[in-house]
Amino acid sequence: MSETCELLVRDATLLGAQVEFTADLWLSHGRFQAIVEPGTPVAAQTVIDAAGRWALPGLIDVHAHFREPGAHAHKGTYASESRAAAAGGVTCVLTMPNTVPFCGTRGVLDQARAAARRSYVDYGFHFGVQADNLDELRSVRNAPAYKLYMNETTGIASPLCDEAVLASVMALGHPLVAHAEADTLDFLLEVYRRHGTGPLHIAHVALAREVEALRRAKAAGLSVSAEVTPHHLLLTTDDAARLGPYGDMRPTLKSAADTAALWSGLADGTIDCVATDHAPHLPEEKESGTPPPGVPGLQTLLPLLLTAVAEHRLTPRQLADATATAPARIFSIRHKGSISVGADADLVLVDPAARQVIRNEDQLTHPGWTPFAGREVQGRVELTLVRGRVVWQDGRIVGEPAGREVVTRDPGRWAEQASVRTDEQA
Ligand code: NCD
Ligand code: ZN
Ligand code: ZN
């Protein structure tokens, strides 16, 4: 009996636990159908030759700002920013609620869901915590996490640091993501130690002392995880001076000693994943008298990390773990984060040897700039598949937006969601 599949990705280099190995990938119905010896006979509708290319699970960026709905949509939309994601090998984004209006009501979330229908990649929505929206938090569905803003940043005028409010949110047991820098992180971890019930994820760790605080929290058995951005790993206060407003973000860039602590934190697992904090702002806004903080990062994430692999700062396996496996695990994103039979066929093929210089002109993010312009990198994203559909190939966006909302875990509702997912696919 002869085997069939919709798409055959031939001779791809996969990254196993210890070794790289070559395999053929069979894809059908948006899933990985089989991973087999190269040359195993199959009748395929389409064949992609991946000889000499690394196959990585599509990257999951758990921290991106897509600016819809509302007053900041001129900075970037689900349509524009998801193209930058596809070009960067990012097949799934979790977007942040600091839109204007704030995404802390189901009404605003409905508008975000409507805007996201124009996304090229899959997506989920972190839902915002406010001093008085406990009822909204209780009734929202399918939010990977609730977001706590505990320092001032774009769109956040009054950060939330009231222990009683934090305790009542923590009592809900749902995953939390926090923007909490330096002293504020110490305060949050103390409140969490007293009141925490569900998991806590720390956004954009930037300081050596924050890595230390996390290391202690993990050693004490707290259910905490953390992300680091490429800009905090690769840029320092020297770059901030050179870049001016284009190198300003929250947290700000730190010292070379902090950067070194972030790399060791990533290597020893204190920091679980890399997330971009992709935060588009227009050049005219950056050059104004009151430049908003934030930098784009979706399209440059993978080339920068592949360069780190080439420089032996990271293994290929650690790269896949920090950008796909760990994000899917932390936020319980169903069917994503690995190249395995039955998982969504979210796949990136990269040429690990190709060298290129990052240029503003090549950026698909709506504002059209990157703080990494001029940097030479090793590694190019050649092909991006979202659930088996080509979205990026040969330097171009392909097809129409067909991103979908991911399925994650509501407290106690995993089983119910599983049946929704099955119906949808029938
Ligand atoms: C982010 C933005 O512009 O939305 N800016 C930033 O500097 N990181 C907000 C944030 O993540 O704090
Ligand atoms: Zn933040
Ligand atoms: Zn952010």
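## A nonpolar surface patch

In this predicted model, Ile 35 is partly exposed, with a relative accessible area of 31%. Ile 35 belongs to strand S3, which covers residues 31-36. Together with Val 19, Phe 21 and Val 341, Ile 35 forms a nonpolar patch on the surface. The accessible area of these four residues together is about 340 Å².

## The zinc ion (ligand 3)

Which residues supply the protein donors of the zinc ion (ligand 3)? They are His 63 and His 65, each through NE2, and Asp 277 through OD. These donors lie 2.0 Å from the zinc ion. Along the chain, the donors follow the spacing H-x1-H-x211-D.

The site of the zinc ion (ligand 3) has four donor atoms, and the angles among them run from 89 to 133°. The site is tetrahedral, because four donors count as tetrahedral if all angles lie between 85 and 135 degrees. For comparison, the ideal angle for four tetrahedral donors is 109.5 degrees.

His 63 is buried, with a relative accessible area of 1%. His 65 has 6% relative accessibility and is likewise buried, because buried means under 20% relative accessible area.

## The zinc ion (ligand 2)

The zinc ion (ligand 2) lies 3.7 Å from the zinc ion (ligand 3). The protein donors of the zinc ion (ligand 2) are ND1 of His 179 and NE2 of His 204, at 2.0 to 2.1 Å. This pair links distant parts of the chain, the two histidines being 25 residues apart. His 179 is in strand S11 (residues 176-179), while His 204 is in the loop between strand S12 (200-202) and helix H6 (208-219). Both His 179 and His 204 are buried.

Is the arrangement of donors around the zinc ion (ligand 2) tetrahedral or irregular? The four donor atoms subtend angles of 53 to 142°, so the arrangement is irregular. The tetrahedral class requires all angles to lie between 85 and 135 degrees.

## A parallel sheet of six strands

An open sheet is built from six strands in the order S9-S10-S11-S12-S13-S14, with parallel pairing. Strand S9 (127-128) and strand S14 (273-274) stand at its edges. Each of these two has a single partner strand, so one side of each is left without a neighbour in the sheet. In general, strands of a sheet pair through backbone hydrogen bonds.

Gly 128 stands opposite Lys 147 in S10.

## Strand S5, covered on both faces

Strand S5 comprises residues 54-57, and both of its faces are covered. Trp 54 and Leu 56 are on one side, Ala 55 and Pro 57 are on the other, and all are buried. In a regular strand, side chains alternate between the two faces of the sheet.

S5 pairs with S15 in the antiparallel sense over four bridges.

## Backbone features in loops

Most residues other than glycine have a negative phi, and most peptide bonds are trans. One runs from Glu 68 to Pro 69, with omega near 5°. Pro 69 is in the loop between strand S6 (59-64) and helix H1 (78-87). Another runs from Arg 250 to Pro 251, with omega near -15°. The place of Pro 251 is the loop between helix H8 (237-243) and helix H9 (256-267).

His 335 has a phi of about 65°. His 335 sits in the loop between helix H12 (316-330) and strand S15 (347-357), and is partly exposed at 26% relative accessible area. Asp 394 has a phi near 50°. This aspartate is in the loop between strand S17 (389-393) and strand S18 (396-397). At 66% relative accessibility, Asp 394 is exposed.

## Ala 261 in helix H9

Ala 261 lies in helix H9. With 17% relative accessibility, Ala 261 counts as buried. How many residues apart in sequence are Ala 261 and Ala 206? They are 55 residues apart in sequence, while the C-alpha to C-alpha distance in space is 8.9 Å.

Terms used
Residues numbered from 1 in each chain as written. Chains lettered and ligands numbered in written order. Predicted model: local features only at pLDDT ≥ 70, side-chain atom pairs only at ≥ 80, totals over all residues. Heavy atoms only, no water. Donors = N, O, S within 2.8 Å, 3.2 Å for Na, K, Ca; no water. Tetrahedral: all angles 85-135°; square planar, octahedral: opposite > 155°, others 65-115°. Buried < 20%, exposed > 50% of the residue type's maximum accessible area, 1.4 Å probe, protein only. Patch = residues over 30% accessible without salt bridge, like charges linked within 9 Å, V, L, I, M, F, W, Y side chains within 5 Å. Areas by Shrake-Rupley, 256 points an atom, 1.4 Å probe, with all protein chains shown as cover. Salt bridge = Lys/Arg side-chain N within 4 Å of Asp/Glu carboxyl O. Pairing = 2+ DSSP bridges.
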